[in-house]
Structures are given as structure tokens and as C-alpha cells.
Amino acid sequence: MDNVMCSQADKFLGMVPYDWTMIVIVPVAKILFIIAVIIGLYTPLATLVERKLSAAMQDRIGPNRAYIIKVGGKPLTIFGLFHTMADALKMFTKEWTTPKSADKFLFYLAPVIGLVPALLTFAVIPFGPPIQVCDRVVPLQIASINVGVLFIFAVGSMGVYSAALAGWASNNKMALLGALRASAQSISYEITFGLTLVGLMMVFHTVRLDSMVAQQVDLLHWGVFLQPLALVLFFTAAMAENKRIPFDLPEGESEIVGYFVEYSSMGFGLFMTTEFIEMSAIAFLTTALFFGGYTVPTWVATDHSFAMWNVASELWPAAFFAIQMAAFFFKVTVLWLFQFVVRWALPRFRYDQLMRLGWRIMLPLSLANIAVTAIAILAADGDAAKGTEYVMMTGLVMIGLFVLSLFYSRKPRQSGDSGHGHDHGHDEQQATVAAAHH
Amino acid sequence: MGKIIKVRAQDAEVGAYEKAYLPEITKGIGITLRHVVKNLFGGDEKYTRTVSYPEEKVEYPVRFRGAHRLTPREDGAPRCVACFMCSTACPARCINIVAEESDDPNIEKRPKVFEIDELKCIFCGMCVEACPEDAIRMDTGEHVKPFTNRADAVYGKVDLLSMLGRTEKNGEQPVYRGAHEHRARQAPQHSPEGTLPVQDEQPEDAH
């Protein structure tokens, strides 16, 4: 900003003490921005994308009928955008029934308990680069606290109370069953969720999210290249925490309906909202941890910097800031959409498969990831930069193996060759087919 | 008695590669994404085959048996001669005909009332096959229009005559193949005196 505006702003802000500006006004503005983006943009869009994207996957058209006005005699539908409003209206105007035997207080409290931690997650995630306003540096992060990632674990694990209380307060067998499943599942995946990030903390030497993002300016220092296995495990565990397909056993519409079986109207709507907010939270968090947050890839082999960006950041800071914000929300949106893709592409696990995946596959893998990262850092013998390079190498090897594995495809078995020793997978059956004779 | 056929039940083979889960899942998501991209941006290569019904309509096959219609003569009167063959053939008994004397000396009868109850009709097409005059057809290519009153489902003479067949809709001249046309092809021109000429030719069957 130029000096005239700054002096005007200072004159205006001079009326309030400095501390008030930085402690109240700026954080409130940031909170309002995040709330507007999450509740005003991503969550309503999620209700539409959920239906529209699944339609595209399943070769359907999806909702496209709702409209408010007609333009030129034709209803203005805009790809079904008004269905978001229609959905919200429907949720708000439906009757809210409460079971007679329910614990009223907890029954009403449970959806809120779910919603609050989901929103709190955003408090520590940096959603843009620090901006310089006059002589003040404003970090675009609501709360830059030392515990950073740990705060997310602490708050995120509160979410299970919502499901547990909802199931218990409903006084319904199916709801309680769903709540039990939710609790067991959340606790199982909480461990992996936490352990996957230990590797990242070791590499970045911090648990502060803003500091982690600041260290990912170099493209090859993105979390995805340093800790690819952790990314997969983290994303999976996060989706399991969110209780969405393929981990939607606590809900399991086709079997037990789940912990919110007794909820109607906006009570159910709040659970849905929580789910969608958590989806954005996962996208925000994964972007910040593994995809460089707001950083734009600036990798050049010679001096690890991309000259044009540096010039732009000096000559035209506003444009550079806009690009960085756009980059952040682009990454967030891609990861957000990816969760919808996973949700509609994969079938639900069986409960024993879920537990086996959590305890016998993901937990050992996350421990192994920590071990490998630790060995790589130890091998650098105290040199932090060298340690990061080693970790990066192990990460790149893992990515390479994964990409190679995609090109492998098993040849379909010929129907004739059953002479091998290991062919016990299929046995011959005799089927009697009644052929119609005249 | 039944014939025994050997069938080999082939289970999906699960090896270490499949158990690694991630590559296979990635491939599956890739397939899903291909559908998304093609359906959203694919243009003509869309997998989606949905027809937005009231706005878009699929044209029925040529031989689709739609709502009935009565075919007209050149003067607009129905070709029907009230012979009751259609109502006799009708398994649903949905055709109600009341005959009356015709003004035309060449035509014996005409329908005073010709009603089809489209609610009772099973759209078997037997009336069309039974008609000797090609007077009733099901070539409109349309449904029976929706109605809220049962009485509206009974189509009268005027309703049935007002509907057009596919040929008329396409702007072509319809060709009718009834007994009337058959007689016109067979019989020589009327004599100036107005009396019917003596038929000299032998019937075709005799040849």
C-alpha cells in the first residue's frame, strides 16, 4: 500500500490501541474470511458437487432442474447451482423430531459438538502468505500457535464425541451401534493419523504449520516428495476419521443407518455440514502439510529459485500475493474434489477389513515411515539440509516404485491352463442346466 | 431331461499385487476420472446417454404402436365404414361404434359414434390388423396424452381424426391400402349413365 493510504489508515487505527488492531480486528477479519469460504462456499458447493460429480462418474446428468428466475422463458439453472439453496431450505424447513426416550440435552448438543471442532481445525492452517500492511506484517493464519499440528489432533479427536453422544442420546440400538463403530474406528485411525505426521515434523524440525509451509517453497521439498507414504496414510486416516465411504461403517445406510438415525431436519443437516466442513479441513491441512500450502512451485535446478517469481514478488507484490492465494485454493479444491472421487469410486469396507487395515497395515506402515525417515536424517549426521535431501531421496524412490507399479498388469488367465501347482484359486463346478427340449 | 454343462467358476485372482491395494485403487480411480472428464468436457464422446425428457424426446421406432387415429378420406370424413371388425377383434373391448346410414351411395355405412377408451386399450394393434379399410391406424408415434379425468381418456371421432400419422407429419402424402382402394384399382371407370358396368373380367383367383 502506498504511503497516503497508510497514513490515513494509521490515523483511523490510531483511535484504537495497536494491540486491539492485531488482537481483535485482524483475527476477526481472518475468521470471517475463513467462515465465508468454508460455510459460504465449500460446504454448499459440496452438496452440489457430491451429487453432480457422482452423476458424471456414473454417466448420469445429476440435479439440473432447480431455478429461481426464468430468462427468456427458459429456467435459469446454471448447472443445478440452485439445488444448493433448495437442499438447505429443505433441511431447515423439515420437521425436527426428537425421540421420546432421548436424552434431550445431549441429543441437541451432539451435532454442535461435531461442528465446532471441525471449524476449529482451520484456526491453525495458514491459507495465504504473510502480507505486509503498512508497517505491520499480518500472517494469513488465524492463530499461529507453537503446538500447531498437535492442536489439530487435539481438536480433531473431539469429533468422535459427537458421534458417540448422538448415538447414545438417541436411545436407539442402531444409533448406539453406529456410535460404537464410530468410536472404535476413530480411535484406531487416530493413531495412524498422528504417527504419519511425525516424519514431517522430523524433517521440518517444527510442528508449526506456518513454518512447515515456509519450508516448502522448493518444489522438491513439498511434503508429498519428502513423505509420500505419509501422505497416503494421512489422507486415508483423515478420510476414515471423517467417516465417509469407503470408511462409512458408522453410517452404513444400507445396514444400520448409523448414529444419526434419529436425527431429522437440520440436526441431520448439521452432521452433513460437519462432514463437508471436515472434507475442506482435510483438503486445507493436506495442502499445508504436503503440497506446499500457498507456495507456487519455484524450482530451478541451478540455484533453486525461479527468477521471474522473485522479480514479480518485488515489483508487483499484489499480483504475487493473488497468485499465491489462487495457488493455495487451487490445491485445496483439487484435494477436496479428490475426496469426492474416492467416495464414489470405492466400495465400503467390511468391519473386520477396516480394523485390519487400520491396525495391521496402516499402523506398522506409519511406524516404518518414521523409522526410514529417522534413518535418513541420522545418516546426514546432524546436517539438517543434507538430512532433508536424504529424506527426499527415499520419498522419490517410493514415488518411483509406485508409478512403476501402475504399469504392471497381470495377464488375464487363459481358460485352458490349469496345470500349475498354485492354481487352487478356482475350482471346477458342475452346473446342471435344464435345456428346453421340444 | 436336462443336459449337463460344465461350468468353471473362475474366482478373481488375488496376489501380492492386488493385496498392495494402492495401485489397483489408483487404476480404478483413473477409470472413474476418465468418465468424469469425458462426461463433463467430452462433447460427443460422452458416456452419458440420458435424455432430458420433456425437452428432448426420443423418436419411437417406426413400428411403435402409439395412440390410435382414424384415417380420413379426401373430404375429411373418416374412412371407417362401421363394419365393427375392429371392435370385434379387440380383446380389451375398448372400441365403441354406433353405425349410421351413409350419404354417399357408394358407401353403405359410416360411424355415428366411434370411441376408443384408451384406458382399457392394451395397444395390441389387432384393430389395425382387422380393419379392411385401413381406417384405423396406430402410426401416430405418440403416447395417449395425460389426463386427469377418466372421461378424457375416451377418444371420440373428432379426437381420433385430428391426429396425424408419421407420414403426414413428415409432409408426405399417405398411401392407404383399404378395400376402397382395392375396388378402385380393380373396377373400370363408371359409365356415363351412372349405372354400374357389368364386370367382364374373371376374378384373379380363377387364373
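Visitor: What counts as a pocket and its lining?

Guide: On a 1 Å grid over the protein atoms alone, a pocket is an open set of points with protein on both sides within 12 Å along at least five of seven lines, and lining residues have an atom within 4 Å of a point. This is a predicted model, in which local features need pLDDT of at least 70, side-chain atom pairs count only at pLDDT 80 or more, and totals for chains, interfaces and linings use all residues. Residues are numbered from 1 along each chain as its sequence is written, and chains are lettered from A in the order in which they are written.

Visitor: Which residues lie nearest the centre of the largest pocket?

Guide: They are A:V232, B:Y21, B:L22, B:I25 and B:T26, from a lining of 48 residues. The elements giving two or more residues to this lining include α10 (228-241) of chain A and α2 (22-41) of chain B. Helices here are DSSP runs (H or I, at least four residues), numbered from the N terminus. With ten residues, α2(B) gives the most to the lining of the largest pocket.

Visitor: How many residues of each class are in the lining of the largest pocket?

Guide: Ala, Val, Leu, Ile, Met, Phe, Trp, Tyr, Cys and Pro count as nonpolar, Asp, Glu, Lys and Arg as charged, and the others, Gly among them, as polar. The lining of the largest pocket has 36 nonpolar, seven polar and five charged residues.

Visitor: What lines the second largest pocket?

Guide: Its lining has 35 residues, of which A:K52, A:I61, A:F79, A:G80 and B:L40 lie nearest the centre. Here α2(A) gives the most, with seven residues. By class, this lining divides into 20 nonpolar, eight polar and seven charged residues.

How values were computed:
Side-chain values use heavy atoms; hydrogens and water are left out. On a 1 Å grid over the protein atoms alone, a cavity is a set of points where a 1.4 Å probe fits but cannot get out, and a pocket is an open set with protein on both sides within 12 Å along at least five of seven lines; lining residues have an atom within 4 Å of a point.
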